[in-house]
Amino acid sequence: MEARNFIVAREMLTEGNWLLTTMNDVPRYEKPPFPSWFSTPLIQFDINSIVLNRLPTSITATLGVLLSYYLFKALSNSKKLALIAGLVLGSSFYYIAIRFEAPSDTYTHVAMIGGLLFMVKTIQSAKLKFLYAFLVILGFAISVLSKGPVNLYALFLPFIIAYLITYKSTTRHIIIILVLLILGTALGASWYLYVRLENTKVFLEIANKEANNWSSYNVKPFYYYWSFFIQSGIWTIPAFLSLIYPYFKTKVKNKKLYLFSWLWTIIGVVLLSIIPEKKSRYLVPVLFPLALNIAQILVYQFKTKKLDKLSKYMMKLHYLILFLISISIVALPYFIELKTTEFWIWYYILVIFMFGVSGLIFFNFRPLQSKSLFLSNIFLIVIISFIGTYGIKFMKGNEDFKTLASFQIKNPLYYYAEIRPEVIWESGTISKPFKISKIPNGKEQILVIVNKNAAQEFEDKIEKKYTVLSTESFDRNYFKERERDQYVVYTIQGKSATK
C-alpha cells in the first residue's frame, strides 16, 4: 500500500495525473487522491526520497493526536483527561504501526476526527458559527477524499449513535448534523463523480471489483474483532479493564462521558464485525474512543485513595510485564549474529534507557504510585520508537539484499508477467508489460524486469528473437532468502540489430 501511494504521488508530479490518478501509467481509482495530493508539496524536492514520502503520514498521525486531544477536551471539559487520552492514543500499538503500512487510513481517520471535533463545537455553541461549520464540512470531505465513505460508517456512525443516546440533542442539533454531513460527503464525492464522467468504463470496473471485495476478500467470522483491545498494545490490560462498564460506572467521575466512550467503542466494533471483509488495520477507528475510555479509568486510579482489588491486581500484572520487557533487553545480543561497533553503541544506549524504565517501575511498584507508573508506559514507547527501531538494521539476515533503487535505469523499462508495486517504486520510472512479438527497431536496447521464478521461462521464450546482452540480479529479501522477492533485470536487443 505504501508503494502504491508513493507511485501515485510521483506520477502526479511527473505525468500530471492529478485527478485521473495512475499507478505505473495504469488508472488507479481504487483509492481517492487526497493522501497523494498532501504528499506532493514535500516530495517535489526529492521525488524518490523515502523520508520525504513517509513524512506526510507521520505529520498527519501527529495531527490526529492533537485533534483527538481537543475533541476529548470538548467532550469532557477536562484538560488533564484529554491529555492522558491523547497520550494513550499516540502510544497505542496500531496507531503507531499503521504508519509503517502507510495506507490511506491515517488520513481518513484524522480528517474525520477533525470533522467530529468541530461538529461537537458547533452543537455546543449557542449560535451557529460558520467557521466551525465550514471545518466540519472540510473534515468530512477530506475523509471521503482519502478512502471513500468507509469512515462515515466506521467512525462517524458509532460516534453519532453513542452521542445521541448519551446526551440530549434537540431537533436543531440533528438538522445541523445532517446538513453538514450531506454537504461534506457531497464535496468529497465530487472526485468520484468527475472520474465517473471522464473514464466511465474503467471506473465502473474498479468500483465493481472493490464492492465485491467487501464480501469475498479477506472474509473473517463475526467474532474476529472481539480481541480488539489488544490492538492498543501496551495498554491491553488497562483497555480490558475499561471495558468492564458495570464495574467502573460508579467509580469514574464523569458517568455520562464514560457511557458515551464505552458505547462509541462497542458500537464501532459491532458495526465493523458486520462487514465480511476484515483486516487488523480496520480496527484503528476504535482506538480513538478506546483511548478516551482507558483515560477515564486511569484518572480514577490516579485520584482514588484506595484502589479496588480488580484494579490493583490488574495494575500489578500490567507493570510486572512491562518490567520484564524492560530488563529482557539484556538478552538481545544472543539474537544478533554480526555485532559491529555500531551495534554495541546502540545496544548500550538502549540498555541504559530501558533500565531507566525498569527502575521507574521497580521503585513505584510496591506502593502502586499510579501517576509515576503511567509515565513508564509513555517512556517505554518513546524509547522503542526512537531508539529501538534503529536496531532493525542489525537484524538483517540477507547479506545479498539489494533493491532496484541502486540500479541506474537509462533504457526503456518493461516487465514480464507481473510486477510488484515496491519494484515499480524502486525502479523510479514507468514500466510497461513486455510483449515478445514487438521487437524493438534498430539497435535499441531495452530492460526487462523478471521474477527469478519466471526467469528460465522468459529466456526460453525470447531465445529466437532477442539477444541477452547482460543480466543483473536483485534480492529484495531483507531478513532471509525467499524466491518471491528475487528479480533479474535483463538488457536485451532484437537479434536483427546484433547481426
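These legends go with a few close-up views of a predicted model. Residues are numbered from 1 along each chain as its sequence is written. Since the model is predicted, local features need pLDDT of at least 70 and side-chain atom pairs count only at pLDDT 80 or more, while totals for chains, interfaces and linings use all residues; side-chain values use heavy atoms, with hydrogens and water left out.

**View 1. Strand S7 and its two partners.** Here's S7, residues 486–494; helices (H or I, at least four residues) and strands (E, at least two) are DSSP runs, numbered from the N terminus. In a regular strand the side chains alternate between the two faces of the sheet. On one side of S7 sit Gln486, Val488, Tyr490, Ile492 and Gly494, on the other Tyr487, Val489, Thr491 and Gln493, and they're all buried (under 20% relative accessible area, with exposed over 50% and partly exposed in between, using a 1.4 Å probe and protein chains only). S7 pairs with S5 (residues 445–451) in the antiparallel sense over 7 bridges; two strands pair if DSSP finds at least two bridges between them. Look for Leu447 opposite Thr491. S6 (residues 466–475) also runs antiparallel to S7, joined by 9 bridges, and Tyr466 has Gly494 as its bridge partner.

View 2. Rings of Phe, Tyr and Trp (its six-membered ring) pair if their centres lie within 6.5 Å; planes under 30 degrees apart are stacked, over 60 edge-to-face, and the rest tilted. That rule gives 46 aromatic pairs. One of them is Phe159 with Trp264, edge-to-face at 4.9 Å centre to centre and 85° between the planes. Phe159 is in H8 (residues 150–166) and Trp264 in H13 (residues 255–274), so this pair ties together parts 105 residues apart in sequence. Both residues are buried.

**View 3. Charges over rings.** A charge sits over a ring if NZ of Lys or CZ of Arg is within 6 Å of the ring centre and within 35 degrees of the ring normal. The charged end of Lys251 does this with Tyr247, 4.1 Å from the ring's centre. Lys402 lies over the face of Phe474, at 4.9 Å from the ring centre.

**View 4. An aromatic cluster.** Zoom in on Phe343, Trp344, Trp346, Tyr347, Tyr348, Tyr390 and Phe394, which form one aromatic cluster.
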